[in-house]
Amino acid sequence: MGRDVSSETAPNRLAAWRPRAAVFAVWYLRAAAVLNFLGAVSAPFHSQVTRHNTGDFFTPYMITAGFTSGALALFLAMMMRRRKRAAWIFNVVVVGLYVVLMALLLLFYPEVREHWFNWISAVVTLLMFTALLAGRKEFHAKGDRSNPRLALAALIGGGAVGVLVGTLLVTLTDEVDGSYLWHRIQYAAMRVYTLAPSGTGYRNIVIPHWVDIAINAMSALIFLLVLYALFRSPKGKEYLCPDDEMRLRELLDGHGERDSLGYFALRRDKSVLFSPSGKAAVAYRVLGGVSLASGDPIGDVEAWPGAIDRWLDQAREHAWVPAVMGASEEGGTVYSRHGLNALELGDEAIVEVDEFTLEGRAMRGVRQAHNKVGRAGYTVRVRRHADIPDDEMQTLLERADTWRDGQTERGFSMALGRLGDPDDGQCVMVECHDGQGELRALLSFVPWGREGLSLDLMRRDRDSDNGLLEFMVIELMGQAESVGIKRVSLNFAMFRAVFERGSRLGAGPVLRMWRSVLMFFSRWWQIESLYRANAKYRPIWEPRYLLFARSSDLPRISLASARAEGFITAPSLPSLFKRRHSRALDRAGSSEGGDDGADSGSQSAGNTTTPGAKQPIG
């Protein structure tokens, strides 16, 4: 019995056309946006479109020539490009109703059928409708469950504000006396909610044209706000649960030496996805629609692809932009095999204890600082957190809070976000006391496998002597054997290669210009000082990378990274629209830091000065 080949190939052909249909729908909306903006600034084109939207003519879907319609088409194109299901439903409903309306007009009104332009508009609109239906399965990204409530609140609240402001403007600028307050409210409401032509039905209200424009602008902003609330991605606020943390610790016990940033995956404001085998995991946090992973995947490198695939699938399902901050060269290579592009962020400074020495001319400055502080009577004590008595740990926590620079705790990819937690007993504390036995500074390091440390937190008394931190690092190297360590990750220097190569003889004009730009911004963000502070220890430089899917997503990724690191604090939404994870509030005394996540820990990580960077040593 023969097989029906045509019946087998038909579904395959349909599946091949689905992505093309989805792309067509996106580009149609982009083209509509361009035409609408063109019509808004070109009087002849605007008059043509207006003429074809009145009487016996009609234009294709979404083409009306105006800034509001252009903004709407562009916004819908963005949402459709992210494959959001809600945007697809919105377009299908509106286009479907428009198709029905055009069909009725063409069927029952001969004067409409006589115009060839109407048939072209109908065909173009029908093509858009067909493309939406054909590409239905391509639009799979889910929205947040609270979106309908938030959109309704934005519609009611924003509309009320718009009507109130509009009524005030009409009252102050009305050139005709005798209008009633109720009429002015109605006029403003009609302009806000319907964009009705000015003066329609209100002969006793005469106002300047700029008032109508101002009210229309408010109406457009309110409408876009409602659409944003309706289409926004899920916030992804499921934090690290106890079971996931335990599984991560087991992976770190077996593979923690691979990445110096691995222990920072235990931040409790992060989420985690495990590979199907459970042998690897990706730690991430969702901020502003960006799924931001930190460092390399945790666990067996052979299982990394499974964890990365699950993380990317989740990002596609929720229309999140995938990005990785601070991946090593090995991790960046694996991520790049999954379609992500790499951009070098800077270099991590790693010091091998066996190779570290104060001898030589290059170490003269560090050696002199160490000797000066030592002669002043300062001493250093190095011990594991688990070996510190509770009363002493409490004193350290109080001093750390007192010495903290500012109220905002910073750190995400290279900071743990808590100090003194009982679960972090293998972390190492470096305490520095002056000649009178007074605590003047402390450093805290997290484990890097069994024989390494990675800097987490740095605090010092502002009145202490200069060179104190160099003294502590050198003493840590000297006492490394007491805690069984062989290597230390001190810091991260953004754009280190630019500073190093840009100052060399023969550096090209582009490199020199880039270095000058970084030097300018270093006045506020200490980019160069981080590099200089690291370079004095003659470390091994290990590059770190930012991974991203599309270059156009870099602004969003940069904003999400700045929020994650604590440089930008997003305003909180009303509690009605928040979802909290109980453990994120119960453990480590965490507090909400914005609508997309929280920075955990009342005693948090060291203050950083650049995204992804730790506090400079020195």
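Colleague: To start, what percentage of the 618 residues of the chain count as buried?

Modeller: The figure is 51% of the 618 residues. Buried means under 20% relative accessible area, exposed means over 50%, and partly exposed is in between, using a 1.4 Å probe and protein chains only. Before we go on: this is a predicted model, where local features need pLDDT of at least 70 and side-chain atom pairs count only at pLDDT 80 or more, while totals for chains, interfaces and linings use all residues. Residues are numbered from 1 along each chain as its sequence is written, and side-chain values use heavy atoms, with hydrogens and water left out.

Colleague: How many helices and strands does the chain come to?

Modeller: There are 21 helices and 14 strands. These are DSSP runs numbered from the N terminus: helices are H or I with at least four residues, and strands are E with at least two.

Colleague: What makes Glu348 and Arg544 a salt bridge?

Modeller: The rule asks for a side-chain nitrogen of Lys or Arg within 4 Å of a carboxyl oxygen of Asp or Glu. In this pair the closest N and O atoms are 2.9 Å apart, so it passes the 4 Å limit. Glu348 sits in strand β6 (residues 341-352) and Arg544 in strand β12 (residues 540-548), so the bridge ties together parts that are 196 residues apart in sequence.

Colleague: Which residues are linked in a network of salt bridges?

Modeller: Glu245, Arg249, Arg268, Arg418, Asp421, Asp423 and Asp424. Within it, the side chains of Arg418 and Asp424 meet at 2.8 Å, N to O, and both of these residues are buried.

Colleague: What makes the link between Asp259 and Arg544 a polar contact?

Modeller: A polar contact is a pair of N or O atoms within 3.5 Å; within protein, one must be able to donate a hydrogen and the other to accept it, and residues adjacent in sequence count only if both atoms are side-chain atoms. The side chains of Asp259 and Arg544 are joined at 2.7 Å, so the pair is inside the 3.5 Å limit. The Asp259 side chain also reaches the backbone nitrogen of Asp296 at 3.2 Å.

Colleague: Where does Asp259 lie, and why is it called buried?

Modeller: Asp259 is in the loop between α10 (242-255) and β1 (271-274). Its relative accessibility is 6%, so it counts as buried. Asp259 and Trp448 are 189 residues apart in sequence, yet 7.1 Å apart in space, C-alpha to C-alpha. Asp259 is in contact (heavy atoms within 4.5 Å) with Gly295, Asp296, Trp448 and Arg544, leaving aside neighbours within four places in sequence.

Colleague: And Ser464: why is that one buried?

Modeller: Its relative accessible area is 7%, so Ser464 is buried. You'll find Ser464 in the loop between β10 (452-460) and α15 (468-478). Its side chain makes a polar contact with the side chain of Arg460 at 3.2 Å, and reaches the backbone oxygen of Asp461 at 2.6 Å.

Colleague: Last one: Leu107 is nonpolar, so what puts it in the exposed class?

Modeller: Leu107 has 55% relative accessibility, so it counts as exposed. Leu107 lies in helix α4 (residues 85-108). With Val100, Leu104, Phe108 and Tyr109, Leu107 forms a nonpolar patch on the surface, with about 530 Å² of accessible area together. Patches are made of residues with over 30% relative accessible area and no salt bridge, where like charges are joined within 9 Å and nonpolar side chains (Val, Leu, Ile, Met, Phe, Trp, Tyr) within 5 Å; the areas come from the Shrake-Rupley method with a 1.4 Å probe, and for residues only the protein chains shown count as cover.
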